[in-house]
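Please look over the sequence and the model shown here before reading the points below.

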Amino acid sequence: MRKYLLISLALAFSAVAVTACDDEETYAEQKAREARQINAFLSARNIDVISMEEFLKDTVTDNPVTGPDRSRNEYVLFSDRGVYLQIIQRGDGHGIASGETWLNARYLEILISSGDTLTMNLRERSADEFHVTRTGDTYSASFISGILPALYGNSVPNSWIMAFPYITPGFLNGESSAKIRVIAPHNEGTQKAANSVYPTYYEISISTKKCQ
């Protein structure tokens with residue numbers, strides 16, 4: 001009797017294990033879900049997606065905040081990476097020079113699937129600090145301090161870095177800052193987003209000096 005009981009329990013546990021595996025999403029299914037979430041976000045916000053070719057004609061993304069055409073809400077799509085970028089203002093400073101540049105960012109991070117705020121530092125005394133290294137047309141960046149590195153590690157999301165060739169951040173967090181919006185698929189966001197396969201939306205102000 002005991003032998004039959006053990007066999008029955010073993011079969012029951014095997015069935016549970018198989019069911020659990022069947023219930024798990026594959027990576028392909030997770031990416032398909034993410035694509036649906038991003039498309040729903042684009043539709044809900046009436047976002048006009050423009051190609052890189054169209055963007056490079058003047059490197060302007062029309063938007064309701066700064067225009068020039070305030071009736072449009074344009075984002076340029078980096079089609080090879082799945083990243084969407086909107087430039088609200090370039091900033092009143094200079095382009096990021098070769099070598100190392102120290103910057104800081106005020107930001108808002110939103111989970112695209114729900115619209116919930118994941119993290120932000122808009123009410124913090126200090127902004128998140130990071131440095132950018134430019135070698136030719138190649139940029140890399142690492143956080144020095146702030147909320148994002150405390151939660152996710154020092155790597156600046158690739159989706160942020162992709163905006164660097166097109167902005168000219170100025171001093172502090174006033175009107176001279178560069179201001180951008182970014183829609184990032186999981187592999188172009190934080191390490192946590194990459195591991196859990198979820199897309200994020202960022203609103204970011206980037207300046208060239210520490211916030212006081």
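Predicted model: local features only at pLDDT ≥ 70, side-chain atom pairs only at ≥ 80, totals over all residues.

Of the 212 residues in the protein, 43% are buried. Among contacts between residues at least 6 apart in sequence, 64% join residues at least 24 apart.

**Strand 9 and its partners**

- Strand 9, which covers residues 200-207, is mostly covered, with seven of its eight residues counted as buried.
- On one pairing, strand 9 runs antiparallel to strand 4 (residues 99-111), and eight bridges join the two; within this pairing, E109 stands opposite Y202 of strand 9.
- Strand 9 also pairs with strand 8 (residues 178-184), again in the antiparallel sense, over seven bridges, and here A184 is found opposite T200 of strand 9.

**The largest pocket**

- The largest pocket holds about 190 Å³ of space, and strand 4, strand 8 and strand 9 each supply at least two residues of its lining.
- The lining of the largest pocket is made up of V65, I88, R106, Y107, L108, L122, K179, I180, R181, E203, I204 and S205.
- By residue class, the lining of the largest pocket divides into seven nonpolar, one polar and four charged residues.

**The second largest pocket**

- The second largest pocket contains about 150 Å³ of space, and its lining divides into four nonpolar, eight polar and no charged residues.
- Residues lining the second largest pocket are Y152, G153, N154, S155, V156, P157 and N158, together with N187, G189, T190, Q191 and A194.

**Q86, within a strand**

- Q86 has its place in strand 3, residues 83-89, and counts as buried because its relative accessible area is 0%, where the cut-off for buried is under 20%.
- A polar atom of the Q86 side chain lies 2.9 Å from the backbone oxygen of E74.
- Leaving out residues up to four places away in sequence, Q86 touches T61, D62 and N63, then N73, E74 and Y75, and also K179, I180 and R181; K179, I180 and R181 are also among the residues that line the largest pocket.

**I50, in strand 1**

- I50 lies in strand 1, residues 48-50, and at 4% relative accessibility it counts as buried.
- Although I50 and Y75 are 25 residues apart in sequence, their C-alpha atoms are 6.1 Å apart in space.
- Beyond its neighbours within four places in sequence, I50 is in contact with F55, V60, T61, E74, Y75, V76 and L77; T61, E74 and Y75 are also among the residues that Q86 touches.

**E175, in a loop**

- E175 has its place in the loop between helix 5 (158-161) and strand 8, and it counts as exposed because its relative accessibility is 59%, the cut-off for exposed being over 50%.
- When residues up to four places away in sequence are not counted, E175 touches Q89 and D92.
- E175 and S205 are separated by 30 residues in sequence and by 9.6 Å in space, C-alpha to C-alpha; S205 is one of the residues lining the largest pocket.

**Backbone features in loops**

- The peptide bond from G67 to P68 is cis, with omega near 0°, and P68 lies in the loop between helix 3 (52-55) and strand 2 (74-78).
- N46, in the loop between helix 2 (27-44) and strand 1, has a positive phi of about 50° although it is not a glycine; at 60% relative accessibility, N46 counts as exposed.
- V197 is found in the loop between helix 6 (191-196) and strand 9, and its phi is near 60°, a positive value in a residue other than glycine.
- While N46 counts as exposed, V197 is buried, with a relative accessible area of 3%.

Note on methods:
Residues numbered from 1 in each chain as written. Heavy atoms only, no water. Buried < 20%, exposed > 50% of the residue type's maximum accessible area, 1.4 Å probe, protein only. Helix = DSSP H or I, 4+ residues; strand = E, 2+ residues; numbered from the N terminus. Pairing = 2+ DSSP bridges. Polar contact = N/O pair within 3.5 Å; in protein donor to acceptor, adjacent residues only side chain to side chain. Contact = heavy atoms within 4.5 Å. 1 Å grid on protein atoms, 1.4 Å probe; cavity = no way out; pocket = protein on both sides within 12 Å on 5 of 7 lines; lining within 4 Å. Points joined across faces, edges and corners; volume = space filled by probe spheres on them. Nonpolar A, V, L, I, M, F, W, Y, C, P; charged D, E, K, R; others polar.
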